[in-house]
Amino acid sequence: MNNRIFRFQNTNILAQALTNKIHELEFQSKKGIKYPYGNNEELVVIGQMILEFYFSDYLIQRGYPNKDSSIKKPSDLILLRQRLLNEKNLAEIAIQYNIHNIVQIGNQTALKKNPKILTETFKAILAAQYYDSGLDLEHVREITQPIFKELLDKGQNIPISELKQNAKSSFLEFINTFTDLIPKVSVEWKKDGNSVNVFKVQLELDSLLNISKTGINKRQTEQLVYLEALKELKQKTTNQLNLPLKTQIQNNIQKQQSSEQSTIIYELERSIINESQSFQFSEIYEFSNSDFQESLSDKVEHFLEKLAF
């Protein structure tokens, strides 16, 4: 990657971009005074918007979407953006910029290479550069272009059809097709000792499934649960166990299973807590039959995402 160095005239805004809230709270607790630079939470949000805009700008300026490429329509561009601007890829970019060596995280040095911390800090630095440059759009474009080039090089072998696969939608589609059972999903969260949000996602399906996963990324943890649920449910169906099937497709189940060989790819984060810990907040979602329609499923997805911090 063309590792262009960020240049700052206002070092205060750079200090803010490099300061995780953990560092600010620790400073104020030890010193008894307000941390002079604040934390990077608001800059992270701005940085996310900047990344999304310039990623789309980068592709549009190069003639995408077009019918002669794999990115044939605007929705394909969005799918590609969602796939490539993920925590894993952005954390790797952050390490290339040596952000792990300069992020301010208090005494929690083990978090310096935490993907979530690295990604947020990178986004904050990008937003800080935008403000420091006097809102110079062209300057930010020049900085982000080599980043997007590297990300696209990583994703050039990913078919758009693969990007469209989603563990949650695939699971709900399977349930709606093969059985009348209604899944129940609960999402619980707490802050750990480092003030990092930790999520526990649990899916129950009658007496057939009871799957629980924990992680620091709500959406990815949820997808992991749906992925495992889908695999187990398909296995139970293939083995003709006591899965209450819809009457009209009982005779065709083996044919359906043999033709259904989709691959669901997700990069999922490691759990950072053990199952014995308690949670401070719980939300339970019970799906009705109408929730299996794609439009309503998307609404549930957006609602869950809004609950994430």
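This is a predicted model: local features need pLDDT of at least 70, side-chain atom pairs count only at pLDDT 80 or more; totals for chains, interfaces and linings use all residues.
Residues are numbered from 1 along each chain as its sequence is written, and side-chain values use heavy atoms, with hydrogens and water left out.

The chain contains twelve helices and four strands. These elements are DSSP runs numbered from the N terminus, with helices (H or I) of at least four residues and strands (E) of at least two. Of the 309 residues in the chain, 47% are buried; buried denotes under 20% relative accessible area, exposed over 50%, and partly exposed the range in between (1.4 Å probe, protein chains only). Among contacts between residues at least 6 apart in sequence, 67% join residues at least 24 apart, a contact being heavy atoms within 4.5 Å.

In soluble globular proteins, nonpolar side chains tend to be buried together. The largest nonpolar core of the model holds 38 residues, of which Phe6, Phe55, Phe122, Phe148 and Leu151 touch the most other members. Helix 1 (11–17), helix 3, helix 4, helix 5, helix 6 and helix 7 (137–155) each contribute at least two residues to this core. Another core, of 23 residues, lies apart from it and includes Val201, Leu208, Tyr226 and Leu227. A nonpolar core is defined here as a set of buried Ala, Val, Leu, Ile, Met, Phe, Trp, Tyr and Cys residues joined through side-chain atoms within 4.5 Å. When neighbours within four places in sequence are left aside, Leu151 is in contact with Leu84, Leu85, Asn89, Leu90 and Ile93.

Ser56 belongs to helix 3 and is buried, because its relative accessibility is 13%. Residues up to four places away not being counted, Ser56 touches Leu77 and Arg81.

Eight aromatic pairs were found in a search of the whole structure. The ring centres of Phe53 and Tyr54 are 4.9 Å apart and the planes stand at 80 degrees, so this pair is edge-to-face. Rings of Phe, Tyr and Trp (its six-membered ring) pair if their centres lie within 6.5 Å, and planes under 30 degrees apart count as stacked, over 60 as edge-to-face and the rest as tilted. Phe53 is partly exposed, with a relative accessible area of 48%, whereas Tyr54 is buried at 3%. Ring pairs also link Phe27, Tyr35 and Tyr37 into a cluster. Arg62 lies over the face of Tyr58, 3.6 Å from the ring centre; for such a placement, NZ of Lys or CZ of Arg must be within 6 Å of the ring centre and within 35 degrees of the ring normal.

At the start of helix 2, a side-chain oxygen of Asn20 comes to within 2.9 Å of the backbone nitrogen of Ile22. Asn86, in the loop between helix 4 and helix 5, is buried at 10% relative accessible area. A polar side-chain atom of Asn86 lies 3.2 Å from the backbone nitrogen of Lys88. Asp136, in the loop between helix 6 and helix 7, is partly exposed at 33%, and its side chain reaches the backbone nitrogen of Glu138 at 3.1 Å.

Most residues other than glycine have a negative phi, and most peptide bonds are trans. A cis peptide bond joins Tyr64 and Pro65, with omega about -5 degrees; Pro65 is placed in the loop between helix 3 (41–60) and helix 4 (74–84). Asn98, in the loop between helix 5 (87–96) and helix 6 (115–132), has a positive phi near 60 degrees and is partly exposed at 41%. Asp206 likewise has a positive phi, of about 50 degrees. This residue lies in the loop between strand 2 (197–205) and strand 3 (209–215) and counts as exposed, at 59% relative accessibility.

Methods
A polar contact is a pair of N or O atoms within 3.5 Å; within protein, one must be able to donate a hydrogen and the other to accept it, and residues adjacent in sequence count only if both atoms are side-chain atoms.
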